[in-house]
Amino acid sequence: MSFIFSVLSGACSVYLFICFIRIILTWFPGAQYSAPGRFLAALCDPFLSWFRRFTFLRIGMIDFSPAVAMGVLVALSSVFAQLAVQGRVLVGASLAMLVSLLWSIAASLLGLVIILLIIRLIAAVFWPNSTSQLWQVLDRSLYPIVFRITKVIFGKQRYVQYRTALITAIVLAIAAELLGNFIINSICILLARLPF
C-alpha cells in the first residue's frame, strides 16, 4: 500500500510540473499553439478549467485560478506522501498543512497585488499624465481592489485621490499579510499538536 501512495504522490508532483509548464506557455504568444503546447493543453486544461469557473478567483484581468489548481496538486501530493510514509493521515497535521497551503496561496496572491500596487503608485508619482496602455491595463486590474478598500476606509461619498487610494491599499494589504501570517502560523501550530 505504501508503494501505491508513493506512486500517487509522485504522479501529482509530475502533473504539477506539467501544469506549470502549460501555464508558462500561455505567457508566450504562439507557444501554446505549437505541437507541444497543444499536447500540454489537452493534458492540463480539463483540470485547470475546472478552477476557472470560480469567478471569485478573478480580480479584474488577473486570474488566480491556476495558482489554486497548483495548490490543490501540492496538497494531494503531500497527503499521499504522508500516507506512504506513515500509513495513515493524521487529521491535525493534514489540517495544518491544508491551512498553511491555502494561506501560502493567498499570501502569494496578496504579495503579487502589493507589488502591482507599488508599481502603479510609482508610475502615478513619476508619470502622472501618462496614458500608456500598460497603466490602463494595470488600472483595470487594480481598480476593483482599490475601490473596495477606499470605500470601506473613506466611505462612498468622499472623493479620494488615486495616489491616496493606492497608498491606503498598499498599507492595508501589507498589514493584512502580516496579520494573516501571525494568525495562520498560530492556527497551524495548534492543529499540528492535535493527537489524532
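1. Helices (H or I, at least four residues) and strands (E, at least two) are DSSP runs, numbered from the N terminus.

2. Please keep in mind that this is a predicted model, where local features need pLDDT of at least 70, side-chain atom pairs count only at pLDDT 80 or more, and totals for chains, interfaces and linings use all residues. Residues are numbered from 1 along each chain as its sequence is written, and side-chain values use heavy atoms, leaving out hydrogens and water.

3. Now to helix α3 (residues 65–86). Its 22 residues should span 32 Å at 1.5 Å a residue, and its end C-alpha atoms are 32 Å apart, which agrees; the expected span is 1.5 Å times one less than the number of residues. After α3 comes G87, with a positive phi near 80°.

4. Which elements do the buried residues of α3 pack against? They pack against α1 (2–25), α2 (35–52), β2 (62–63) and α4 (91–126), where contact means heavy atoms within 4.5 Å. Among these buried residues are M70, L73, F80 and L83; buried means under 20% relative accessible area, exposed over 50%, and partly exposed in between (1.4 Å probe, protein chains only).

5. Finally, the aromatic rings: the whole structure holds 7 aromatic pairs. The ring centres of W50 and F54 are 5.3 Å apart with planes at 80°, so this pair is edge-to-face. Rings of Phe, Tyr and Trp (its six-membered ring) pair if their centres lie within 6.5 Å; planes under 30 degrees apart count as stacked, over 60 as edge-to-face and the rest as tilted. W50 is partly exposed at 44% relative accessible area, and F54 is partly exposed at 26%.
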